[in-house]
Amino acid sequence: MTAVLSHIALLTRLCVGGPGGRAGLVYFALVLGLGLAGVQVSVRLIAWTADFYNALQKLDVDATLRQIAIFFGLIAISVALFLTGSYLRKMLQIRWRRSLTEAALDRWFAGKAYWHLRDRSDNGLDNPDQRIAEDCRIFVDKLTGEAIELITNIVALISFVAILWSLSTFPLAFTLGGVAIEIPRYMVWAAPLYVAISSGVTHWLGRPLKSLAFEQQRREADFRFALTRLREHVEAVALADGEAAERRLLSQRFTAIAQNWRGLANRELILGCFTRPYFQTVLRIPLFLALPAFLTGRVTFGGLMQIGSAFQNVVTTLSWFIFSYRDLAELAASASRLSHFLKAAEGATSASRPALVAGPDGRLSLRGVALWTPGGRTLEPLPDLSFEAGEAYWIAAPSGHGKSALVKAIAGLWRHGTGRIERPDSRMAFLPQQPYLPLGDLRTALAYPAAPEDHETGAYQQALAAVGMSHLWEIAEPAWNDARRGLSGGERQRLALARIHLHRPDWIILDEATSALDPEAEQHVLGALRQALPGATFVLIAHRPPLGLGKYRAIRLTSRSGTEPVEPPTGVVQTV
C-alpha cells in the first residue's frame, strides 16, 4: 500500500508540474467546489424528505405541491452542478494527461532511452507505447475522479453524520440472555460498523483484481502490437506464405487474453456475489433499522423517511471504497506500471559503455574499445582505429563480427562495452541498413529529423534528382502515403541518402546503407553524394567494396584482434 501511494504521489507531482499542470489545480478546485455544493443540495434533500412525507401524512395538498416544486428546483440545481463539474473535470483531465504524457515522453527520449529499452521485456518492461498512451489516460481519469470524490465524501460524511446524530435521539432497547441492553443513537453507530464489515469483505474478495487488471493490460497490448507488426510487414509475410504462422501467433496471444479474462471474470463474479446484494440492499437497510422507532410512535412517517435518507447518505458515502474498488484497482495498477516505466527509462543509460569524448584534432579515434552483446557474449576485439577528416573508408568484416555494434558505439547508443571513442566536434550522420520513413508527407520524410520548412522546394528537388527519385516529387498527399508503402528496400535507401544531400553533414557513416542497390545505382548515388560533399568524411561498413566514392582506404577487421589491408578491385579506387 505504501508503494502504491508513493507511486500515485510521484505521478501526481508530474501532472501538476508539467505544462498547464498548475492551471489544472484551478479546475480541480472548481470541480471540488461544485462537488461540495452538491453535498449541500443533498443535505437540503434530506430535510425535504421530512417535509414532503409529513405533508403526505397530513393530506395537505398545497404543502405537497409546494414540496414537489421544491424537489424539482433542487434537482435542477443538482443537475447543473453535476454537468458543469463533469465538463470541468474533462478539461482538468486533458491538462494533466498532457503534463503526464509529456513527462513520460521526456524520459523515454532522454539519453535515447527508447532505444535502450527496446529489449527490456525480460525485466518486466513491455509495450512502452501502451504505458504512455493508455496508462497515462487511465491514471489521470481515475485520479481526478477518485480524489475529488474522496474529498467530497469526507465533507459530505461530516454533514450527513451531524444530521443523523441530531435525528437519532431514540435508543435501541432489547434483552439478550436476560440482560437489558440499550444502545443510544444506535443509527449513528450502525452505519460505520455495517460499512466497515462490508469493506473488509470487499477487499478480501477483490484483492487479486489489481494483478489481474495489470496482466490484462499487458496481454491486450501484446495482442495489439502483434497486429501492428503484421500490418507493417505484410509484404514479407505474403511472400513467405506466412499466414498460418501469423495466425498461430495471433491466436496464441488472444488465448492469453482470454485466459486472463476468465480469471478476471471469475474474480469479479466472486466479488459481485457480495457487492451486488450490498448495492441493492444498502438503500433499504436504513428503513428497516429505523422501523422500531416508527412502530413505537417515537418518530412520524416523515421523520422515518428523513432518518432513512440521512442514514442512506451516510452509508453510501462510507461505501465509497466498496463502490470504487474496481476503479481503485485500476488506479493502483496504472500507477505501478507508469512508475516502473519511468524508473526504467531514467536508468536506461546507466550501464557500462565506451566513453565518448571530443577529439582534440578533428579525427575519429577508437582506443581500447571492446564490445559485447546484451546477452553477455563478447564480440571480436576491435583494434585501435583512427579516421582522418575528409577521407573515405571502407570497413569490412565477417558476419557476426560486430560491425553494426561498432556503428552504434560511435553514435553513443551501445551500452555494452568499454574503451574510449574520440569524436570530432562536427555534424555526423548515421545511416542504417533499414532506413526509417516517418509519418507525414514527402517533405517530412526527406527533411527528417529537421522540420519540413527548414529547406526550400528547390533543395528537395535537387536531393531527389541526385538519387534518381525525381518522379516522387510529382506524388502529392494522400498518394504519397500509398507510394511509401510500395517503396522497395533500395528506394527507401535512396531516400535516406537524399537526406544527406539536404543536411550536408561533415561525417557520414553508412552501415550497409546501400546493400539493396545494384552496383550501377550505388555508383551513381555515392558518386553524386561525394561530388556534392567533397570535404565530408565517409565511413562505409559493408561486405562489398563501395562504388562511386573515388579513392578510399580499406580496412578489414579480423578475428585476430587486428586489421588487414584490403586491395580494392581494379578500377574501383580511382572511380569518381
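Mentor: Gladly, and let's begin with a definition: on a 1 Å grid over the protein atoms alone, a cavity is a set of points where a 1.4 Å probe fits but cannot get out, while a pocket is an open set with protein on both sides within 12 Å along at least five of seven lines; lining residues have an atom within 4 Å of a point. Grid points are joined across faces, edges and corners, and a volume is the space filled by probe spheres set on the points. This is a predicted model, where local features need pLDDT of at least 70, side-chain atom pairs count only at pLDDT 80 or more, and totals for chains, interfaces and linings use all residues. Residues are numbered from 1 along each chain as its sequence is written, and side-chain values use heavy atoms, with hydrogens and water left out.

Trainee: How many cavities of 30 Å³ or more does a search of the whole structure find, and what is the volume of the largest cavity?

Mentor: The search of the whole structure finds one cavity of 30 Å³ or more. Its lining is formed by Ala370, Leu371, Leu379, Glu380, Leu382, His401 and Gly402. The space in the largest cavity is about 40 Å³.

Trainee: How do the residues lining the largest cavity divide by class?

Mentor: Ala, Val, Leu, Ile, Met, Phe, Trp, Tyr, Cys and Pro count as nonpolar, Asp, Glu, Lys and Arg as charged, and the others, Gly among them, as polar. On that basis the lining of the largest cavity has one charged, two polar and four nonpolar residues.

Trainee: Which helix gives the most to the lining of the second largest pocket?

Mentor: That pocket has a volume of about 800 Å³. It is lined by 26 residues, and the closest to its centre are Gly35, Phe82, Glu149, Thr152 and Asn153. Helices here are DSSP runs (H or I, at least four residues), as are strands (E, at least two), numbered from the N terminus. With nine residues, the one that gives the most to this lining is helix 5.

Trainee: Where does helix 5 bend?

Mentor: Helix 5 covers residues 128–167 and reaches 55 Å from its first C-alpha to its last, close to the 58 Å expected at 1.5 Å a residue. The expected span is 1.5 Å times one less than the number of residues. A bend is the angle between axes fitted to the seven residues ending at a residue and the seven starting there. In helix 5 it is about 35°, at Asp135.

Trainee: Is Leu59 buried or exposed?

Mentor: Leu59 lies in the loop between helix 2 (21–57) and helix 3 (61–109), with a positive phi near 60°. Most residues other than glycine have a negative phi. Buried means under 20% relative accessible area, exposed over 50%, and partly exposed in between (1.4 Å probe, protein chains only). Because its relative accessibility is 71%, Leu59 counts as exposed.

Trainee: What about Arg504: which accessibility class does it fall in?

Mentor: Arg504 also has a positive phi, near 50°, and is found in the loop between helix 18 (489–503) and strand 9 (507–511). Its relative accessibility is 40%, so Arg504 counts as partly exposed.
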